[in-house]
Amino acid sequence: MPVKGRIARISGPLVVAEGMEGAQMFEMVRVGEDKLIGEITRIRGDRAFIQVYESTTGLKPGEPVEGTGAPLSVWLGPGIIGTIYDGVQRPLPLIAEIIAKEAPNRKMFIERGVQVDPIPRDKKWHFKPAVNGGGVHIGDKVEPGDVLGTVPETSLIEHKVMVPPGVRGRLKWIAQEGDYTIEDPIAVVEADGKEIEVKMAHRWPVRIPRPYKKKLEPTLPLITGVRIIDTFFPMAKGGTGAVPGGFGTGKTVTLHSLAQWSDARVVVYIGCGERGNEMTEVLERFPTYKDPWTGKPLMERTILIANTSNMPVAAREASIYVGVTLAEYYRDMGYDVLLVADSTSRWAEALREIAGRLEEMPAEEGYPSYLASRLAEFYERAGRVEALGSPDRHGSVTIVGAVSPPGGDFTEPVTSHTKRFIRVFWALDTKLAYSRHYPAINWILSYSAYVDLVTEWWHKNVDPRWRKYRDEAMEILTRENELQDIVRLVGTESLDERDKLVLETARLLKDGFLKQNAFDPIDAFATPQKQFKLLRMFIDFYQRALELVQHGITVAQIRQAIGRLYVEMVKAKFTIPNDQLEKIDELRERVLKVLDELEARSG
Amino acid sequence: MAVGVREYSRIREIKGPLLVVEGVSNVAYDEIVEVELATGEKRKGRVLDVMKGIAVVQVFEGTTGITTTGTKVRFLGRPLEIPVSEDMLGRIFNGLGEPIDGGPPIIAEEERDVNGAPLNPAERAYPEDFIQTGVSAIDGMNTLVRGQKLPIFSGSGLPHNKLAAQIARQATVRGEEEEFAVVFAAIGIKYDDFIFFKKFFEETGALDRVAMFVNLADEPAMVRLVTPRAALTLAEYLAFDRDMHVLVILTDMTNYAEALREISAAREEVPGRQGYPGYLYSDLASIYERAGRVKGKKGSITQMPILTMPNDDITHPIPDLTGYITEGQIVLSRELYNKGIYPPINVLMSLSRLMKEGIGPGKTREDHADVSNQLYAAYSRGVELRSLAAVVGEESLSAVDRKYLEFADAFERRFLSQGERENRSIEQTLDLAWEILAILPEEELTNIKEEFIRKYHPKYRKKTTQ
Ligand SMILES: Nc1ncnc2c1ncn2[C@@H]1O[C@H](COP(=O)(O)OP(=O)(O)OP(=O)(O)O)[C@@H](O)[C@H]1O
Ligand SMILES: [Mg+2]
């Protein structure tokens with residue numbers, strides 16, 4: 001019997017209820033006459049402290065609080081992809097529909113106490129049992145994760161209907177190919193003489209990671225089409241990364257680019273305490289944008305979770321777990337899932353606010369002492385795994401979180417703790433953003449621990465010289481950074497010619513390679529091949545020019561000789577599309593030829 | 001919350017703006033309260049915390065003069081509401097939304113909770129209509145669109161009022177006759193500043209499409225927590241129930257945040273940065289996010305909050321958290337102001353995140369995005385070289401670098417700088433941009449597509465017109 005108590009106190013998003021003997025920690029409860037959703041975050045005697053996921057305005061002491069007997073959970077089944085949810089898996093369009101019935105002119109606002117199904121109960125899905133080939137047979141022993149059949153969820157995602165966690169036994173019956181709702185049984189499993197009906201959907205508590213067979217090393221790059229990321233600070237499928245930066249430095253644009261272009265199969269986008277319009281942008285745009293890898297509408301692989309800054313703060317805390325649980329579910333089907341969270345700082349602030357209301361002892365800057373362990377737990381849910389059940393499947397969850405440090409100061413607690421648990425750090429730089437060098441990823445402060453792991457992929461799939469070129473470019477950029485200190489003291493004119501060439505090449509690399517306009521139709525997405533060819537052009541130019549410089553030719557002479565080719569090189573990123581890469585080679589040869597001629601003339 | 005009025009008089013404690021009332025029952029969180037002093041004076045308040053039998057009430061007008069005996073506290077059984085009506089345009093209200101202009105009472109078409117409700121992101125429509133403000137630094141490089149929230153970050157003594165007024169006067173959506181309705185919230189500002197705006201609206205003949213909510217510097221600070229919300233409640237009504245395009249000016253949000261800090265300190269909450277409460281971000285968001293467009297509705301809310309950065313410090317929590325919520329910012333610079341440049345907009349620190357949707361062919365001009373990118377790239381290089389030249393001397397710069405210095409000066413003197421009543425069309429702004437970009441060697445224009453250079457660069461334009 002679920003517990004029943006009464007409200008004793010209300011303070012912002014925190015409600016204290018009494019008479020709650022028997023309540024479980026993290027149990028989901030219904031608060032007040034309006035049955036607002038809440039979760040128990042602390043128990044003392046018969047009192048339960050509840051974080052409420054909806055506005056508490058108007059609640060009164062004495063109103064009822066009812067337990068549900070279960071922790072906060074999500075529904076997992078077909079119908080998730082393409083949906084926009086709030087922080088506790090309520091589809092936002094359905095909330096609007098329900099409100100429209102009572103108050104059409106209030107339709108655009110989110111009111112409290114609306115109860116909606118996370119996935120449609122009446123929608124029929126075309127289920128195809130996996131009874132052929134290596135599939136299941138009646139009488140087989142089945143266990144959690146075994147694929148019973150498939151449902152075409154969207155044109156991009158074939159939903160694998162798996163034996164749910166905890167169900168193990170002999171397969172007694174499986175439904176014929178046909179159309180079923182998530183309420184219809186599609187299989188019966190017999191265990192210990194009991195028959196268990198299996199349906200296409202089940203529930204899973206969000207704070208508990210979903211199980212898998214084993215974790216694997218991430219070795220495949222997550223290709224994003226963003227040059228500075230793929231070439232210099234690559235992400236791996238199953239990896240973890242953070243994008244910290246002050247306001248307006250490009251965190252959201254970076255995450256949008258990843259969601260849009262990366263070669264993940266499923267994308268979970270969590271807008272956690274950020275702007276409403278940014279979710280609207282994705283919602284309006286993704287159905288019309290095409291997945292660059294398949295040509296299908298992007299929304300067919302995307303799940304949105306929106307708990308914007310003006311929505312109840314407690315739900316912000318939950319939204320991260322809701323998102324990662326959905327990601328794990330598709331990972332279990334064998335898909336590569338990318339989860340982006342914008343912004344983890346707002347999540348941490350929600351944690352801080354609730355801890356403050358609970359009058360917990362604050363640690364750094366008012367954050368609770370368990371901030372670090374919560375961050376660690378979240379990022380630990382990333383990884384490339386061998387999924388449970390048969391047939392064998394490999395899936396991954398890649399997590400990238402934006403971090404919004406106050407005043408852009410990376411030494412603050414959320415940034416510094418996050419750094420301990422992630423392996424790719426894309427540091428956004430306010431100065432670069434001010435001069436509109438986008439993406440404003442600082443190439444000196446950023447790092448990726450996956451460079452070595454993904455090198456093999458590049459060598460196999462793009463060019464065996466990739467690593468050599470990449471490292472050389474990195475060296476030029478690092479050297480330029482050192483030279484800038486000298487330039488600030490003495491200017492550029494008195495530098496050694498070789499150093500001038502480093503400055504010149506670094507400028508080429510910055511303008512022609514690192515800078516990338518996320519809104520330019522040609523520039524926004526660069527294939528790995530295009531990235532390599534551009535890089536090769538710049539580095540070959542540098543190498544050849546260096547030989548000339550060593551023969552006494554000045555950088556000014558070189559610059560003059562290549563003339564307009566310089567501009568052509570810088571503009572190649574947005575004038576040469578991914579399918580005309582031979583033009584980059586041509587350009588490169590023209591540049592090298594000019595240098596040959598210059599050498600001949602001077603030699 | 002449908003319960004009647006209940007009256008209590010046991011006050012246990014008075015602390016800052018807070019009253020702790022005992023013996024209460026059936027009190028709701030966030031319920032509105034009327035406090036009647038022994039003298040008969042009435043004040044308003046709001047329930048901040050409620051336990052069994054005890055309510056903590058924040059008194060908007062402050063607790064000065066309140067006694068523990070003889071004071072009556074009435075719980076009104078509803079959250080703070082204001083009447084909304086189209087007739088409120090042309091009127092002046094206090095910070096709680098009560099008329100103070102001596103005019104007739106407002107015949108409410110509806111009463112609305114000032115806290116509003118969050119807009120459903122799935123019901124929003126993305127803002128994309130270009131607003132021409134006639135100010136080159138804004139239209140050319142930080143374009144404002146209808147439904148955007150774009151604050152002005154200023155410093156004390158800088159001409160933010162002038163700029164806001166210029167924008168309010170000149171803002172138009174091209175091809176549309178309709179003018180903006182203006183909802184103006186004065187939050188703890190000086191009388192002079194209020195009079196500046198009032199006179200401005202009078203002079204421009206705009207008074208009948210302006211509603212003003214006024215809380216001045218010498219008026220109760222706690223009211224400031226309500227003033228922007230009352231203003232936005234009316235704005236939402238005008239935009240989404242009455243199909244109007246509404247421009248909301250909130251000034252000065254720094255005073256708002258300070259009032260919030262005061263109440264947080266009185267409640268002895270764990271302070272965040274610089275004593276501001278940890279929830280300052282969420283609280284500010286509950287104001288700033290009340291802007292935008294929604295599906296199937298004609299109206300919109302464009303928000304222009306003004307805030308003065310304490311010590312001109314953009315990393316101070318108020319501008320910092322604002323920047324994290326709004327869709328960009330217009331930053332005023334003391335350095336440019338001291339150079340005599342109006343409007344003294346630091347374009348490098350300024351940003352409009354919604355610009356990309358509002359510009360381009362059919363909206364402004366095809367070359368707009370490229371020109372803007374090029375201006376940024378060139379001006380930032382110019383500024384950088386300027387500080388380098390200050391150290392190493394101009395003669396240690398290359399000839400090209402010296403061109404950048406010339407460009408940066410022209411940018412400030414010719415492009416940024418304009419008259420308070422000068423209203424430039426977007427074409428004028430872009431053509432002016434080309435004129436100064438022409439100072440640089442053509443190979444330096446690496447952000448602009450070749451076709452646009454051929455079409456708009458003065459060098460080629462002259463040829464075709466000759
Ligand atoms: N790769 C890019 N290409 C072009 N423009 C960019 C790019 N990255 C960022 N920008 C510009 O910078 C603006 C701010 O970027 P974004 O909204 O991503 O910042 P943010 O770091 O998420 O800020 P906040 O913390 O306030 O949310 C964008 O609106 C866009 O104009
Ligand atoms: Mg952002």
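## Domains of chain A

Domain bounds come from an automatic or database domain assignment. In this predicted model, chain A is divided into four parts on that basis: domain 1 covers residues 4–71, domain 2 covers 123–200, domain 3 covers 214–448 and domain 4 covers 466–602. Between domain 1 and domain 4 of chain A, the C-alpha centres are separated by 63 Å.

## A four-stranded sheet in chain A

Strands of a sheet pair through backbone hydrogen bonds, in either a parallel or an antiparallel manner. In chain A, an open sheet is built from four strands, arranged in the order E12-E11-E9-E14 with antiparallel pairing. Its edges are formed by strand E12 (158–162) and strand E14 (178–180) of chain A, each of which pairs on one side only. From one strand to the next, the twist averages 40 degrees.

One pairing may be followed in detail. Strand E11 of chain A, residues 147–152, is joined to E12(A) by five bridges in the antiparallel sense. A:Pro152 has A:Glu158 in E12(A) as its bridge partner.

## Helices H13 and H16 of chain A

Two packed helices are described by the angle between their axes and by the distance between those axes. For helix H13 (residues 528–550) and helix H16 (residues 582–602) of chain A, the angle is about 5 degrees and the axes are 10 Å apart. Because angles under 35 degrees count as roughly parallel, H13(A) is described as roughly parallel to H16(A).

On the H13(A) side, the residues in contact include A:Lys530, A:Lys533, A:Leu534, A:Arg536 and A:Phe541. On the H16(A) side, they include A:Ile584, A:Asp585, A:Leu587, A:Arg588 and A:Glu599. Classified by residue type, the contact between H13(A) and H16(A) has 11 nonpolar and nine charged residues, with no polar ones.

## Helices H6 and H7 of chain B

In chain B, the axes of helix H6 (residues 280–288) and helix H7 (residues 317–325) come within 10 Å and cross at roughly 55 degrees. H6(B) is therefore oblique to H7(B). The crossing of H6(B) past H7(B) is right-handed.

Which residues of H6(B) meet H7(B)? They are B:Leu280, B:Tyr281, B:Leu284, B:Ala285 and B:Tyr288, and their counterparts in H7(B) are B:Leu321, B:Thr322, B:Tyr324 and B:Ile325. By class, the contact of H6(B) with H7(B) comprises eight nonpolar residues and one polar residue, and no charged residues.

Technical notes. Residues numbered from 1 in each chain as written. Chains lettered and ligands numbered in written order. Predicted model: local features only at pLDDT ≥ 70, side-chain atom pairs only at ≥ 80, totals over all residues. Heavy atoms only, no water. Pairing = 2+ DSSP bridges. Helix = DSSP H or I, 4+ residues; strand = E, 2+ residues; numbered from the N terminus. Axes fitted to C-alpha atoms, helices over the stretch in contact; angles between N-to-C directions. Parallel < 35°, antiparallel > 145°, perpendicular 65-115°, else oblique. Left-handed = near helix turned anticlockwise from the far one by under 90°. Contact = heavy atoms within 4.5 Å. Nonpolar A, V, L, I, M, F, W, Y, C, P; charged D, E, K, R; others polar.
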